[in-house]
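New page in the notebook.

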Amino acid sequence: MKATAIANANIALIKYWGKRDPELFLPYNSSISLTLNGLNTTTTVEFGGYDQDIFILDGQGIKEGKELEKLVRHLNLIRKIARVSEKAKIISRNNFPRAAGLASSASGFAAFTFAATEALGMSLDSKELSIISRQGSGSATRSCLGGFVEWTKGKKQDGTDSYAEQIALPEHWPNFRMLATIVSTKAKKVSSRVGMAQTIETSPMYSAWLDTIEQDLENVRQGILNKDIGLVGKTAEANCLKMHATMITTVPSIIYWMPATLEIIHSVLEWREKGLECYFTIDAGAQVKIICLEDKVSELTQKLENLGGVKKVIVCKPGQGPKLIKEHLF
Ligand code: PMV
């Protein structure tokens, strides 16, 4: 009744922004990401012998608030599917800051779902795992597989066709890199869940976002298969800017960028103009992720570290899907 899983975070090249069904976490658009080897969550789940559910994330007991609600909701979903009622203890550890735009909910819910379903003896395949993980956090769908992953939006109302599929193994493009630059470790003010709902309701740009998404998806699929960094990078950068345009034009406006975020954007554009091939992408937070190939990493890292607002640069390679490990956290 106990299992431990480790799952990697993922960063979207084509973003998911907006739920057509907020209960089942069904998206309006498909998305494509890279599972990263550098940023992960380890989670141990044990069922049985507890009077109440216990959640400890990064050494801190979660006893109230929205975070607890989300975790209990997800645990209840897993208990319902497995037809059990036992309470559980869950201990989870990230090797990077939570809720700061580095996709901790993706690796977090993927590791939680994998460990909990294994502790209950369910042995799910990656499709089933991604369907359940999706209902904890949309982006967690894509952390259920390694390498380059597409989360197909699906059409069905019950969500059984909205899951993750692998486009290419991590070994397909081993010199692809993402540099996660940390400019702020503060939790963001507007969660992606709330932000998406407000965007759909109020941004006049939301329909334009959906209008161009299929072409962006196709370009990035082709770019990955042909290992075309220019096509992947340019499409990902433009897609990120379109998503942020919908956020900025939400009422009230959601601006995740900080001054240091803009400093990196301008620097990337300037470096690229001078021949250093790199592109940026930004999620619902202030951090900027730089897309490049391995031979540009040392020059880019040095340049990024010289910018005033950059606290840390984490170099991420294509990573594997979630794994079970024998060393439990308790
Ligand atoms: O599923 P969430 O709540 O982690 O939302 C993810 C939203 C973005 O990170 C902005 C885009 C994405 O596809 O990961």
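I started with Arg-142, where a polar side-chain atom lies 2.8 Å from an oxygen atom of the ligand. I'm keeping in mind that this is a predicted model. Next I looked up Ser-105, and an N or O atom in its side chain is 3.0 Å from a ligand oxygen. Asp-283 also turned up, with a polar side-chain atom 3.3 Å from an oxygen atom of the ligand. Then I checked the area: the ligand taken alone exposes 380 Å², and the protein buries 91% of that.

Entry two: the surroundings. How many residues surround the ligand? I got 14, and the closest are Tyr-16, Ser-105, Ser-139, Arg-142 and Ser-192. Sorting the shell by class gave me six nonpolar, five polar and three charged residues. I also asked which domains the shell draws from. Domain 1 (2–172) and domain 2 (176–316) each supply at least three residues. As for the site itself, I found the ligand sitting in the largest pocket.

I searched for cavities of 30 Å³ or more and the structure holds one. The largest cavity has about 30 Å³ of space in it. Which residues line the largest cavity? I noted Phe-25, Lys-70, Arg-73, His-74, Gln-135, Gly-136 and Arg-193.

How values were computed
Residues are numbered from 1 along each chain as its sequence is written. This is a predicted model: local features need pLDDT of at least 70, side-chain atom pairs count only at pLDDT 80 or more; totals for chains, interfaces and linings use all residues. Side-chain values use heavy atoms; hydrogens and water are left out. A residue is near a molecule or strand if one of its heavy atoms lies within 4 Å of it. A polar contact is a pair of N or O atoms within 3.5 Å; within protein, one must be able to donate a hydrogen and the other to accept it, and residues adjacent in sequence count only if both atoms are side-chain atoms. Accessible areas come from the Shrake-Rupley method with a 1.4 Å probe; for residues, only the protein chains shown count as cover. On a 1 Å grid over the protein atoms alone, a cavity is a set of points where a 1.4 Å probe fits but cannot get out, and a pocket is an open set with protein on both sides within 12 Å along at least five of seven lines; lining residues have an atom within 4 Å of a point. A molecule sits in a cavity or pocket if more than half of its atoms lie within 2 Å of its grid points. Ala, Val, Leu, Ile, Met, Phe, Trp, Tyr, Cys and Pro count as nonpolar, Asp, Glu, Lys and Arg as charged, and the others, Gly among them, as polar. Domain bounds come from an automatic or database domain assignment. Grid points are joined across faces, edges and corners, and a volume is the space filled by probe spheres set on the points.
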